[in-house]
Amino acid sequence: MLVTIVMLMASCVSIVNNENSGENKNETTMNTTMNDLLTRRSVRSYTDEVPPIEVIEEICKAGTYAPTGMNKQAPIIIAVTNREVRDKMSKLNADVLGMDNDPFYGAPVVLVVLADTTAAFTWKEDGSLVMGNLLNAAHAKGLGSCWIHRAKEVFETEEGKAILRDLGIDDTKYVGIGNCILGYTAGDYPEARPRKENYVYWIK
Ligand SMILES: Cc1cc2nc3c(=O)[nH]c(=O)nc-3n(C[C@H](O)[C@H](O)[C@H](O)COP(=O)(O)O)c2cc1C
């Protein structure tokens, strides 16, 4: 009983401290976030199953909360769950490489990030941070993900531009940043490769 009361008091103190610092997080949340950041890996094998739409929406929401230069929110996300469009994007992507296998590794969902080059001079950095949020949020929600490149080249093609125009997106302003593929991991989850030496230089 006494132990329970002490534990309850300790958790109250912790919550109050966090409220005082103006931050809405506690020790458990911080540890989970750190763990997610350290354990996210690029997944290159997926099942066909499309994750629930609410989960995909939450991942997109995390993308929209990425920091952006002067808060101009230059990036946009095109969330593709439609198989036909997903396959078309895969084909356009493969064409850039001159390959004919699926560069999306069978992932059923693609979140394409593009950025408005006229909105902020930081459009490329902004778009990359959105990509980072999407990849980490996918992992936090238990999904596999991977950055697949060549969104720039794909949306420079006539077929790519037509996809944008169909959505009412100005194809003269938006440039592709990356494709975040999503789905349930098939097979083993990849291990992180060792970090290089001298990644971090300290000036204390
Ligand atoms: C800008 C960028 C482009 C990438 N393009 C591809 C790609 O086209 N295909 C792919 O399989 N992985 C791609 N990746 C994933 C990297 O290969 C991967 O992040 C890297 O090998 C480290 O592995 P990890 O993400 O599991 O830590 C890309 C990553 C970044 C950041």
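Two residues are in contact if their C-beta atoms, placed from the backbone, lie within 7 Å. Among contacts in the protein chain between residues at least 6 apart in sequence, 79% join residues at least 24 apart. The model is a predicted one: local features need pLDDT of at least 70, side-chain atom pairs count only at pLDDT 80 or more, and totals for chains, interfaces and linings use all residues. Residues are numbered from 1 along each chain as its sequence is written.

**The whole chain**

Begin with the protein chain as a cartoon, which shows 7 helices and 4 strands. Helices (H or I, at least four residues) and strands (E, at least two) are DSSP runs, numbered from the N terminus. Followed from the N terminus, the elements run α-α-α-β-α-β-α-β-α-α-β. Of the 204 residues, 28% count as buried. A residue is buried if 20 or more other C-beta atoms lie within 10 Å of its own, exposed if 12 or fewer, and partly exposed in between, with C-beta atoms placed from the backbone.

**Helix α3**

Next, select residues 53-64, which form helix α3. Its 12 residues reach 16 Å from the first C-alpha to the last, close to the 16 Å expected at 1.5 Å a residue; the expected span is 1.5 Å times one less than the number of residues. Which residues of α3 are buried? They are Ile56, Ile59 and Gly63. These residues cover an arc of only 60 degrees around the axis, which puts them on the same side of α3; the arc is that of the directions from the helix axis to the C-beta atoms. On the face turned away from this buried side, select the exposed residues Glu54, Glu57 and Lys61. The cover over the buried residues of α3 includes β1 (75-80), β2 (109-116), α5 (123-140) and β4 (174-183).

**Val109 in β2**

Move to Val109, which lies in strand β2. Val109 is buried, because 24 other C-beta atoms lie within 10 Å. Leaving aside residues up to four places away in sequence, Val109 touches several residues, among them Ile56, Val80 and Ile181. Tyr184 is 75 residues from Val109 along the chain, and their C-alpha atoms are separated by 10.0 Å.

**Helix α5**

Select α5, whose 18 residues should span 26 Å at 1.5 Å a residue; its end C-alpha atoms are 26 Å apart, which agrees. Its buried residues include Trp123, Leu129, Met131 and Ala138. They are covered by elements including α3, β1, β2, β3 (144-148) and β4. Just after α5, Gly142 takes a positive phi of about 85 degrees.

**Two loop residues**

Most residues other than glycine have a negative phi. Asn71, in the loop between α3 and β1, has a positive phi of about 50 degrees although it is not a glycine. Is Asn71 buried or exposed? Asn71 is exposed, with 9 other C-beta atoms within 10 Å. Arg150, in the loop between β3 and α6 (151-154), is also not a glycine and has a positive phi of about 75 degrees. Arg150 is partly exposed, with 18 other C-beta atoms within 10 Å.

**Around the ligand**

Finally, select the residues around the ligand: Arg41, Ser42, Arg44, Cys146, Trp147, Ile148, His149, Pro190 and Ala192. A residue is near a molecule if its C-beta atom, placed from the backbone, lies within 6 Å of it. This shell divides into 5 nonpolar, 2 polar and 2 charged residues. Ala, Val, Leu, Ile, Met, Phe, Trp, Tyr, Cys and Pro count as nonpolar, Asp, Glu, Lys and Arg as charged, and the others, Gly among them, as polar.
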